[in-house]
Amino acid sequence: MTREREPSSRDKVLQAAMAMFGEDLGARLSVRAVAARAGVSTGSLRYHFPTQRALQDAVLAGIYDVVAPDDRIHDRSAPARDRLIDCLRQVLALAGVGAQARAGWSEIFKTYIEPEPTDESRAAYLAIEREAHRRVEYWLTVLRDEGALADGDNGRRARFLVTVLNGLSIARALPSEESLLATETETLHAAVDHVLNSRF
């Protein structure tokens, strides 16, 4: 009978920080609070994550790995267009629909928009934005490397697609007379077609 491997101190820190972030999107992932929750020393935490930004980035990368894994983009049995759309849909799924989408955007408003921004809230939001952008840019790089996407500015392309995703996620929280699924699908198709067929 094999014993399960004991989580490393780095794993414990990430698990604790992800739990704190899941409970409160505006949570300050301070060294002391995360170390206490993880049951590790602050020195051990600092060894793995020398800055708060390094910790935030690792937490968000872990969250995105769970909710928007990269495997689909590597499945060459499907057209590049379909793979990219599927990956974008995974990110969009984070917003939920109806009451879940409204609650999510209400929390974002209360945390990042309504109050005067602080250094902490600004850093937390920028970490989320950075990870979303990094993930989309990675998918575009995969498609470019396999020849499905022309050379160009993938950073700019990723910003465009993330902006489209933000708009669609807000639309999920608002009343609509049209079929949300149909409108969302049309918009994603148009955005992906623009990226795949334009040089920008």
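**Packing of helices α5 and α9**

Modeller: Please note that this is a predicted model. Helix α5 (residues 80–93) and helix α9 (residues 180–197) pack with their axes 10 Å apart, at an angle of about 130°.

Colleague: Which term describes how α5 and α9 lie to each other?
Modeller: The angle between α5 and α9 is about 130°. Angles over 145 degrees count as roughly antiparallel and 65 to 115 as roughly perpendicular, while the rest, beyond those under 35, count as oblique. The term for α5 and α9 is therefore oblique.

Colleague: Is the crossing of α5 and α9 left-handed or right-handed?
Modeller: The two helices pack with axes 10 Å apart. Their crossing is right-handed.

Colleague: How many nonpolar residues are there in the contact of α5 with α9?
Modeller: From α5, the contact is made by Arg 81, Leu 84, Ile 85, Leu 88, Arg 89 and Leu 92. From α9 come Leu 181, Glu 184, Thr 185, Leu 188, His 189, Val 192, Asp 193 and Leu 196. By class, two residues of this contact are polar and four are charged, and the number of nonpolar ones is eight.

**The chain as a whole**

Colleague: What percentage of the residues in the protein chain is buried?
Modeller: A residue counts as buried when its relative accessible area is under 20%. The protein chain has 200 residues, and the buried share of them is 37%.

Colleague: Which term describes how α8 lies to α9?
Modeller: The axes of α8 and α9 come within 11 Å and cross at roughly 175°. Because angles over 145 degrees fall into one class, α8 is, relative to α9, roughly antiparallel.

Colleague: How many charged residues are there in the contact of α8 with α9?
Modeller: On the α8 side, the residues include Arg 157, Phe 160, Leu 161 and Val 164. On the α9 side, they include Leu 180, Glu 184, Thr 187 and Leu 188. The contact has 11 nonpolar and two polar residues, and the number of charged ones is three.

Colleague: Is the crossing of α6 and α8 left-handed or right-handed?
Modeller: The axes of helix α6 (residues 98–113) and α8 come within 7 Å and cross at roughly 120°. The residues of α6 that meet α8 are Gly 98, Ala 101, Arg 102 and Trp 105. The crossing of α6 and α8 is left-handed.

**Single residues**

Colleague: Is Asn 154 buried or exposed?
Modeller: Asn 154 has its place in helix α8 (residues 154–173). Beyond residues up to four places away in sequence, Asn 154 touches Glu 137, Leu 140, Thr 141, Arg 144 and Leu 149. The relative accessibility of Asn 154 is 5%, so this residue counts as buried.

Colleague: Why does His 133 count as buried?
Modeller: His 133 is found in helix α7 (residues 119–145). Leaving aside neighbours within four places in sequence, His 133 is in contact with Gly 155, Ala 158, Arg 159 and Val 162. The limit for buried is under 20%, and His 133 counts as buried because its relative accessibility is 19%.

Colleague: To which class of accessibility does Ala 148 belong?
Modeller: Ala 148 lies in the loop between α7 and α8. Apart from neighbours within four places in sequence, Ala 148 is in contact with Ala 80, Leu 143 and Leu 196. With a relative accessibility of 31%, Ala 148 counts as partly exposed.

Colleague: What distance separates the C-alpha atoms of Thr 183 and Leu 168?
Modeller: Thr 183 has its place in helix α9, and at 29% relative accessibility Thr 183 counts as partly exposed. Thr 183 and Leu 168 are 15 residues apart along the chain, and their C-alpha atoms are separated by 9.1 Å.

Technical notes. Residues are numbered from 1 along each chain as its sequence is written. This is a predicted model: local features need pLDDT of at least 70, side-chain atom pairs count only at pLDDT 80 or more; totals for chains, interfaces and linings use all residues. Side-chain values use heavy atoms; hydrogens and water are left out. Helices (H or I, at least four residues) and strands (E, at least two) are DSSP runs, numbered from the N terminus. Buried means under 20% relative accessible area, exposed over 50%, partly exposed in between (1.4 Å probe, protein chains only). Contact means heavy atoms within 4.5 Å. Axes are lines fitted to C-alpha atoms, for helices over the stretch in contact, and angles run from 0 to 180 degrees between N-to-C directions. A crossing is left-handed if the near helix is turned anticlockwise from the far one by less than a right angle, and right-handed if clockwise. Ala, Val, Leu, Ile, Met, Phe, Trp, Tyr, Cys and Pro count as nonpolar, Asp, Glu, Lys and Arg as charged, and the others, Gly among them, as polar.
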